[in-house]
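Here is a friendly tour of a structure, taken one region at a time. Have the sequence and the model open as you read.

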Amino acid sequence: MNQFFLYLDGRTWLHRLDPRTKFLSLLGLFLIALLFSDPRYLGIATMVVLALTASAGALANLRKMSLLLVLLFVYCIAIWPFFVTGRTAFVSLGTYMLTTEAVEYGFAMGLRLDLILLCGILLLSTTTIEEFTLALQRLGLPAPMGFALSLAFRWVPSLISSAGRIVQAQRSRGLDLAGGSLFTRVRRYVPLIVPLISHTLRQTRLLAMALESKGFGPEVRRHGYLELRLRFPDYAALAVMVTVVGLSVWVRVAGHGVVEVVF
Amino acid sequence: MAQIAAVYAAILIPFKMGIPLVPGYAELRPANAFPIVASLLFGPVAAWGSGFGNLIGDCFGTLSPGSVFGFLGNFCYGYLPYLLWGRLGPLSSGREPELRSWRQAVEFVVICFAASLACALVIGFGVDLLGLIPFWILTPAILFNNLVMAILLAPPLLLFLHPRVKRWGLRYEDIRSSMRQEARGEGREDEDPLTPGLAPLATPRQAITRQHAGTAEPFLAARSVSFTYAGSANPALNGLTFTVNRGESVAVMGRSGAGKSTLCYALNGLIPHHIAGHLSGKLTVDGHETTSRPVWQQAGSVGLVFQDFEAQLVSTNLEMELAFPLEHLSSLGDQLTPAEMRERIHRTLTLVGLSGLERRDPLSLSGGQRQRLVIATTLIREPALLALDEPMTDLDPHGRRSLASLLATLKAAGHTLVTAEHDPEEAASADRLCVLEHGRVAWEGAPRALFSQPDLAEQFGLHSLPLARCFAGLGLTDLPLTVEEGWQLAVEHGLVVSAAEAGQPAREFPSGRPAIIEVQRVSFEYQRGTPALSDVELTIGDGEFVAIIGQNGSGKSTLAGLLNGLHMPTRGRVLVRGQDTKKLGAGQLATTVGYVFQNPDHQIFAETVEKEVSFGVQNLGLPPEECEKRVAAALDAVGLGGQEVPHQDPFSLPKGDRQRVAVASVLATRPRILIFDEPTTGLDATETQRMMRMLHRLNQEGHTIIMITHALSLVAAYAQRCVVMREGQIVADGPTRTVFRTMADPEQSAALGLEVPPITRFAARWGQILLTVEEVGAALRRK
């Protein structure tokens, strides 16, 4: 499909699940990621999500996002140890002591961030924007907002391509984007942003007219084409999710799966 | 509501896109200035917009529980400026959110600080709470970048946008008051004495009686319809009266600004419901007055196809795109079950020739396919009337052919069609032609009747049919419209195209002039493994006029982009005046190679024509007197000089003039080489001719001209040399006449993927390769 979107068209069992199931499962996975701060627990969860991603045929998206995932991981390992401490010394430099717990915690936070992003990528790889916004609407998002959301999604690629053309047009007129102080650099964006915004506003007016010409009106209740139905696999998946989340909470309440650190 | 939704969408997107200003510090993006500007213009809409914009940005790969705080933080960032402006007590300037005085500036800075701080605190706190990133890392970063962008970049944007958004009636107050008006019912129509205040939702019985009454009337009837756009002095429609019968196909022609688009917009009530202005007269379609119902209720009877297909597609696959209109059937009795919808979607896709592509992304389709999809989205509601506003404009010859055959199918199936059209060959296939001039019907009748009087067509500012023009001097009563008719007529009257080719000017470029551009074994890839150009070899001499032709996607624009440094070759090298483009920067190249892009709106940003044109010159760092001199000369060269135009707002000019402003802004840098990408798209006959004459003159003055185009008749008339591209390679290159000889050969033509213009095809029967109307006219003799 489109190079900007993560969605990969397919017919795997994850594609066929009801988007509501997938969305609720995503929330469950987020909760699990936030519950634990032990790298081993988070590592297991990451493995499971990676296996799911493979079964959805979405590993290509991981490759696409790999730089971000690695960077955030490294960043967390480097940053967090400065914000927490534990009891066991790992390295000490004069008065400053880097503790084993702090290192473990940094490692865990890196895993947590990546795990969370992986879950999101998995959802977006297997769910079209229409399904995604419809699920949000069924879960309580007001219809106009859902519609605006899906519309905006749709516009990203065409706006990015207009932006590309604008950059080319201005560069051809000698606009040099590199170099200069921060102030001059910022001012140089005016010739890029003004055409982009006026183009967008013009397109907006057109879009509004086109939508209304197609029958989209204030009093029309949308009569859905996509049918959402919870089937056996959905109930099964939800049951598994509820069990896993329940178990995780129980394990966590029992005091497992955390690294003892002081902030 | 549609308008509000669209405004949301408009604001959301630019927000998250944008290039980091300082590499490595990704959050410092210019787009972060926009929520402030949007908030002051669009109010709470901007808050939702920036919140959603952030969320959408996350949906491209960084969706996490932190997105919730991202949403909230950006919501604050987009809401606070609107809330605070004018409510800061002594700090408030008490004026509109513009930056014309220092008090407004102070108010602006305070507001920026408050909004940036709120945004940073919410996100920083939230993300720390989730244990993702420490508070003291993220919060200062967000505060800093929002503040820098808001204070440095937002003011010029606000200064520029405020007056325009106000003029377009898109400010929050404007939209809210128009919504209130809508909610109050037909208040607006009641003010207009010419339109009876009908209830917006006609009861079935009313509808039936009206339809019944309508059978005596023509299907579409306009009775002295006039419309003046708000803020304009001249009427766009001025006492327009015309009718269309059921099942008829009518082509509407006329100069740019003659009222073609205005008429299309009036047919389904967009005028006056959506587009502000003053309307009088009476326009009925299928027994309903177009002013009597809101636009969305007319979707079932009038399908409107806009010129720009990009803005009309809203879904991520074809199936959902077609489901959209079905999901919004207004009357309760019409609603379809999903199974019925699926059946109708399938039927419509088959009709427009797109079946089997249900799961494809509309943006991945070719231009012709996209335009057919747009038509399908209106057809699916089974409207009685289909109105198309210059549907061929952005299509290549391939796309045009496929669309023309679809329109022929629809006509055969009994659809009523009203098509605004520039191209005489397309218009000739309509049942009836209607020529507009100054907003009223200047001529009406069968296409044949108009096109067999080439002088009359040209008098209305239309292109005449070239073949008819060739025969015009021979004193025949009936002039041919198609090549086949021409041949037949030639046989009947004993006409031949004599061996005049030898006597025609060769128009070849004298060889031996120094090469100004050398493309040496160049390959180029946008993405690894998929070459856009492979092993291209091309030398262009100083002062040549070269046309690059080929189907969409054949690599024409890529090749042109390599010549002025927009792209750098993956393999091989490009020399401009003997220097490698890799060594010259884009800035330095711009002074040698000027590039005029297809859409002038992608570069126009200044408040006046003069400032717009001086942008490129100022980038060169020349002294001000020299700048002024060059700007004046460039404006004169494109015919926009004088006292008035240079001080006008470039956005308010018609398309042809905006195109010329774009040319002037490139000319002012005095480049030796000029590249034009589709310079005549969307221009009418007069504007096209003016543009081409200008290119010719620039060439005579010594500029090397490289023109990318689909309009082969212009290539035939103006270019000395013709380069044909196909699938990333040059498949033919030589003097225009030689290349056209190759194209006229049916077998080779298929290999090149292009067809010669009708007059060349006509003359080719006698073994002559002729390029212009004048050449054929002179060679056509009685035996």
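## An enclosed strand in chain B

In this predicted model, strand β14 (residues 545-549) of chain B is largely enclosed by the rest of the structure, because 5 of its 5 residues are buried. Buried here means that 20 or more other C-beta atoms lie within 10 Å of a residue's own; exposed means 12 or fewer, partly exposed covers the range in between, and C-beta atoms are placed from the backbone. Helices (H or I, at least four residues) and strands (E, at least two) are DSSP runs, numbered from the N terminus. B:F545, B:A547 and B:I549 point to one side of β14(B), while B:V546 and B:I548 point the other way, and all are buried.

What does β14(B) pair with? One partner is strand β19 (residues 704-708) of chain B, joined to β14(B) in parallel by 4 bridges; in this pairing B:F545 stands opposite B:I705. Another is strand β20 (residues 721-726) of chain B, also parallel to β14(B) and joined by 4 bridges, where B:A547 stands opposite B:C722. Strands count as paired if DSSP finds at least two bridges between them.

## Ground rules

Residues are numbered from 1 along each chain as its sequence is written, while chains are lettered from A and ligands numbered from 1 in the order in which they are written. As the model is a predicted one, local features need pLDDT of at least 70 and side-chain atom pairs count only at pLDDT 80 or more, whereas totals for chains, interfaces and linings use all residues.

## Domains and a hairpin

Chain B is divided into domain 1 (2-176), domain 2 (189-194 + 218-444), domain 3 (447-503), domain 4 (515-592 + 672-752) and domain 5 (598-670); these bounds come from an automatic or database domain assignment. Between the C-alpha centres of domain 1 of chain B and domain 4 of chain B there are 43 Å.

Strand β9 (residues 432-437) of chain B runs antiparallel to strand β10 (residues 440-445) of chain B, with 5 bridges joining them. B:C434 faces B:E444 in β10(B). The hairpin has 2 residues between the strands, and B:H438 takes a positive phi near 50 degrees there.

## Backbone points to check

Which residues have a positive phi although they are not glycine? One of them is B:S224, at about 35 degrees, placed in strand β1 (residues 220-229) of chain B. B:S224 is partly exposed because it has 15 other C-beta atoms within 10 Å. B:E382 has a positive phi of about 50 degrees and is not a glycine either. B:E382 sits in the loop between α15 (367-379) and β7 (385-389) of chain B, and counts as exposed because it has 12 C-beta neighbours inside 10 Å.

The peptide bond joining B:I271 and B:P272 is cis, with omega about 10 degrees. B:P272 belongs to helix α12 (residues 270-273) of chain B.

## Where the chains meet

How many residues does each chain bring to the contact? Chain A gives 86 and chain B gives 93, where contact means that the C-beta atoms of two residues, placed from the backbone, lie within 7 Å. On the side of chain A that touches chain B, α7(A) gives the most, with 23 residues. By class, that side has 53 nonpolar, 20 polar and 13 charged residues. Ala, Val, Leu, Ile, Met, Phe, Trp, Tyr, Cys and Pro count as nonpolar, Asp, Glu, Lys and Arg as charged, and the others, Gly among them, as polar.
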